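Subject: Structure handover

Hello,

I am passing on a structure that you have not worked with before. Please open it first and then read the notes under it.

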Amino acid sequence: MKFFLDISRVIDAVTGLLGRVTWWVSLAMVLIGAFNVLTRYAFDIIAGLFGNDVAHALSGNRYLSMQTFAYDLVFMLGAAYVLSQDGHVRVDILFSRFGAKARAWIDIFGAIFFLIPFCLLGINFSQNYVGNSISKLEASGDPGGIPFFIFKALIPVMFALLIGQGISETIKNIAFLRGVVRSGSVHDRSETQTADGVTQEREAT
């Protein structure tokens with residue numbers, strides 16, 4: 001089990017690094033968005049101070065494209081990180097009522113039979129779409145737009161990262177079910193009974 005947990009930790013390290021990258025990309029996205037708003041609303045002021053050419057250059061489509069590109073990066077590179085933090089929305093109202101081991105089993109089942117197959121299908125069906133975009137060096141048709149093929153190429157990368165993180169989470173959940181201490185699973189908790197009989201969970205030590 002130690003060998004597989006070592007693999008899981010390597011995957012988590014890569015995912016964590018990409019997660020930290022998306023933090024900064026998120027900040028850049030917000031700053032670019034604020035810049036876009038400022039330059040568009042202050043267009044006349046900028047034109048009066050520096051001329052129309054400067055005003056048009058600062059409020060061009062390139063910055064809108066950059067903002068969209070930053071959003072795509074956050075979404076595609078951050079999906080696996082959010083999975084590692086158990087941050088994706090769960091819609092099953094029964095899940096939270098189950099015990100830690102039952103939740104671990106559900107996550108294992110979901111990763112093996114839903115997450116990983118879905119991501120494999122995503123990689124398979126996106127190949128032609130991404131390949132055509134790269135072969136044509138597809139770019140935005142708007143003046144000053146940025147190349148589309150760059151972030152379209154990240155679609156299979158996103159799915160591959162999700163597969164890797166799904167495998168990592170499965171390894172940690174199996175380790176948790178086998179009683180490995182500090183398995184890294186989000187369910188790595190032991191249930192204890194309080195004096196008044198109410199069940200609570202605490203971190204395993």
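Predicted model: local features only at pLDDT ≥ 70, side-chain atom pairs only at ≥ 80, totals over all residues.

Residues are numbered from 1 along each chain as its sequence is written, and side-chain values use heavy atoms, with hydrogens and water left out.

Helix α1

Helices are DSSP runs (H or I, at least four residues), numbered from the N terminus. T15 lies in helix α1, which covers residues 2-41. With a relative accessibility of 4%, T15 counts as buried; buried means under 20% relative accessible area, exposed over 50%, and partly exposed in between (1.4 Å probe, protein chains only). Apart from neighbours within four places in sequence, T15 is in contact with A80, Y81, S84 and Q165, where contact means heavy atoms within 4.5 Å.

Helix α2

In helix α2 (residues 43-50), the buried residues include F43, I46 and A47. They lie on the same side of α2 because they cover an arc of only 100° around the axis, the arc being that of the directions from the helix axis to the C-beta atoms. D44, I45, G48 and L49, on the other side of α2, are exposed. The cover over the buried residues of α2 includes α1 and α3 (52-58). Just after α2, G51 has a positive phi of about 100°.

Salt bridges

Side chains of opposite charge can pair when their charged atoms come close. A salt bridge is a side-chain nitrogen of Lys or Arg within 4 Å of a carboxyl oxygen of Asp or Glu, and the whole structure has 5 of them.

One of them joins R9 and D6 (3.4 Å, N to O). These two are 3 residues apart in helix α1, so about one helical turn separates them. R9 is partly exposed at 46%, and D6 is partly exposed at 31%. K2, D6 and R9 are linked in a network of salt bridges.

Another pairs E138 with K152, with the closest N and O atoms 2.9 Å apart. This pair links distant parts of the chain, 14 residues apart: E138 is in the loop between α5 (100-135) and α6 (149-152), and K152 is in helix α6. E138 is partly exposed at 27%, whereas K152 is buried at 12%.

E169 and K172 also form a salt bridge, their closest N and O atoms being 2.9 Å apart. E169 is buried at 9%, and K172 is buried at 5%.

Regards
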